[in-house]
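Here is a friendly tour for anyone meeting this protein for the first time. Please take a look at the sequence and the model below, and then read on.

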Amino acid sequence: MPSPLRRLFDYRPCQTAPAAGWQPGLRVRVSFGRRQVVGVVLECREHSTLPLADLKPIEACLDDAPLPADWLWLCRFTARYYQHPLGGTLHQALPTLLRQGRPLQGRTRERWRVTSQGLDAAPERLARAPRQAALLGMLRQHPHGLVSQAVLAQSFTRDQLRALADKGLVERSEEPLAAPPLTEPGRLLAEPALPLNHEQAATLAALHEGLEAFHPCLLHGVTGSGKTEVYLQLIEAVVARGRQALVLVPEIGLTPQTLARFRRRFRMPVVALHSGLTDHERLDAWTAAASGRAPIVIGTRSAVFTPLACPGVIIVDEEHDGSFKQQEGLRYHARDLAVARAHHHHIPLVLGSATPSLESLQRALAGDYRHLRLTQRASRHPPARLELIDLRGRRRQGGLIPPVLEAIGETLAAGHQVLVFINRRGFAPTLACHACGWLAECDHCDARMTLHRQPPLLACHHCDRRRPLPDACPECGSADLRPLGSGTERTEETLAERFPETPVYRIDRDSTRRRDALEQLLGEVRRGAPCLLVGTQMLAKGHHLPHVTLVVVVNADAGLYASDFRALEHSAQLLEQVAGRAGRAAHRGRVLVQTMHADDPNLRLLAHQGYDALAEQLLEERRAAALPPFRFLALLRLESPRDEAVQALAGAAARALRDHLGEHRLDVDCLGPVPAPMERRQNRYHLQVMLTAEKRSRLHAAVAWLATWLEAEPAARRVRWSLDIDPQTLA
């Protein structure tokens, strides 16, 4: 059931049995409390622990055949591993229309073809129907037929089509809207594959060795080294064997360009699955993949739940990216589920990244994954090193100091493009009173409100609360209110004033809310004319910007001294990824990194020796501190509008868990409760209890006991709580 309860429910079968008989995986409509809901059959038994008279009957079976078995296995595994109710897991993994009880089939369209009788028909047969004759002549020119929309676009009508069909001259067929059958089966490629350099060829040969077994590989290649071309040629080999490929990408913004490249290369259907699709489009793609009609499936995090009729390979691009981790509800990690799924199907798995996560890197170093390296860029230029620019004591304009502005001007004068990276949207991080020091803070969060100019307002980026700009300071009445710091809007304004002849494109969540807005902006950039790009991390991942030769990082200090032990790893990955946008084509790249801590040893190590050297050092620190990937971690997250309620439950849960661990001598540490890094968010108080263990099995046993205790605890019904297995952030 779509319910937070961690149990199954017994029902009597309805009088009308499904065509294939009752079996796990069938969707049914049942009465659940006062609601009508769609549930999934998981077991069929001859007896129940409840009296037969107390069991409600199933009202209707919605399917003739069950949901795919591989999908059902993955949902069971996910619920078990992430300690989440199975009903909620099944509900989240299903497309919306299937949750609502719609038929398990995608949309179709009509295709009209000329029959053998129509090919031989004499012209005089349609002498009195010139429009029908013209329509028949047009269809004769298309041996594979035309879809109805193409026919109607030529000013013909459905009545004319039906008239020809009644005479036996044309015939109508239904075909799926997503991934229709190929008109010329057998030809895989629409354009030839690109030649590979020595490293790419050796990597592809290594991947070919494991096409018939579980073969996990970490493809560790510098930015611009041609990882995507390796993916494409590997997929070609997989599809040639009659198998399917699932490709996961981190951001919805990367999906259109990835889709475009795959569709240019392959003649076969390539379907996409991401949150930007309509419900009907998502169901079309889901059924195309489940039926095997779609050999290639590309999607974001949730696409890991897409059923495949004949899986052949799973590829996770930018495997380090934090967006693969779901942060609400079912807190799964798509990369880790991809590993489990590849193991279950005995198929190869490719994890690709220029900056691998420390978890994947350690598994590669330990020999669990095959470690494949690409050290050369396709452009032949080495990756640009970070140049640290000390901000201390220097005047800034829109967050940029004069030497950096001069470098930007020189790059534009040379006819190249510049990317200015600032991971703060809005005009300024906050608004302050110059007279008394008042800061604009959110009423609902322990955070400051961001100043926006387009439109003018104060906004909290944590709870989305908004309020108009004050005319005067609410504390002292002074009208001297000033923005503190710089966001994308302020930097955009500064650059537009400094370089009035050069277009400035701002790319952040505010400027790309409209559908296809990001692709349109990047399309303008790819024309190659000199321009300035100002953007957040939306621009840092995977985009190929061949005309960008200078990257400027406005402030690199955000992750250096954060409380989260993963902050430095994530910050270094982001810096390396954004630096990788420079010099990807004919000209060498340059990366200028502004910082208040130019002498920080970690930042200097990253700048002088690169991400690999810093990752090696971070792994040693994690080993010494007994932190992931050398120890397993889980978080109990609790939140409530009442501080005393969440404090009481968190304390009781921690005490009960410690008593249980001591009684059963489980080697699991329980830390806390402690406030979350942002204790008050969305007017709710957030606390955490952390569990760590050297063995995953012991951690899961402790977490399972804790979940059972919380479900039986009356106070837990008044506090929102969740369990996060392998958390990627402590926020």
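Two residues are in contact when they have heavy atoms within 4.5 Å. With that in hand, residues 24 or more positions apart account for 75% of the contacts in the protein with a separation of 6 or more. The model is predicted, so local features need pLDDT of at least 70 and side-chain atom pairs count only at pLDDT 80 or more, while totals for chains, interfaces and linings use all residues. Residues are numbered from 1 along each chain as its sequence is written, and side-chain values use heavy atoms, with hydrogens and water left out.

**Overall build**

- The protein has 21 helices and 28 strands; these are DSSP runs numbered from the N terminus, with helices being H or I of at least four residues and strands being E of at least two.
- For 731 residues, a compact globule would have a radius of gyration near 27 Å, and the 29 Å of the protein agrees with this. That radius is taken over C-alpha atoms, and the globule rule is 2.2 Å times the number of residues to the power 0.38.
- Along the principal axes, the C-alpha atoms fill a box of roughly 90 × 75 × 60 Å.
- Of the 731 residues, 53% count as buried, meaning under 20% relative accessible area with a 1.4 Å probe and protein chains only.

**Strands that pair**

- Strands pair if DSSP finds at least two bridges between them.
- An open sheet of 3 strands has the order S2-S1-S3 with antiparallel pairing. Its edge strands, S2 (35–40) and S3 (60–61), each pair on one side only.
- Strand S1 (residues 27–32) is joined to S3 by 2 bridges, and Val-28 has Cys-61 in S3 as its bridge partner.
- Elsewhere, strand S21 (residues 504–507) runs parallel to strand S22 (residues 532–535), with 4 bridges joining them. Val-504 has Leu-532 in S22 as its bridge partner.
- Both faces of S21 are covered: Val-504 and Arg-506 are buried on one side, Tyr-505 and Ile-507 on the other.

**An enclosed helix**

- Helix H13 (residues 358–365) is largely enclosed by the rest of the structure, because 6 of its 8 residues are buried.
- The buried residues of H13 are Leu-358, Glu-359, Ser-360, Leu-361, Gln-362 and Ala-364.
- Their cover includes strand S7 (215–221), helix H12 (334–345) and helix H19 (611–625).
- Just after H13, Gly-367 takes a positive phi of about 90°.

**A buried loop residue**

- Phe-305 is found in the loop between strand S10 (296–299) and strand S11 (311–317).
- Phe-305 is buried, with a relative accessible area of 3%.
- Not counting residues up to four places away in sequence, Phe-305 touches several residues, including Trp-71, Trp-286, Tyr-332 and Arg-341.

**The second largest pocket**

- On a 1 Å grid over the protein atoms alone, a pocket is an open set of points where a 1.4 Å probe fits, with protein on both sides within 12 Å along at least five of seven lines; lining residues have an atom within 4 Å of a point.
- The second largest pocket is lined by 41 residues, of which Thr-228, Glu-229, Arg-261, His-544 and Arg-584 lie nearest its centre.
- Helix H9 (227–240) and helix H10 (255–265) are the elements that give two or more residues to this lining, and H10 provides the largest share, 7 residues.

Terms used
Buried means under 20% relative accessible area, exposed over 50%, partly exposed in between (1.4 Å probe, protein chains only).
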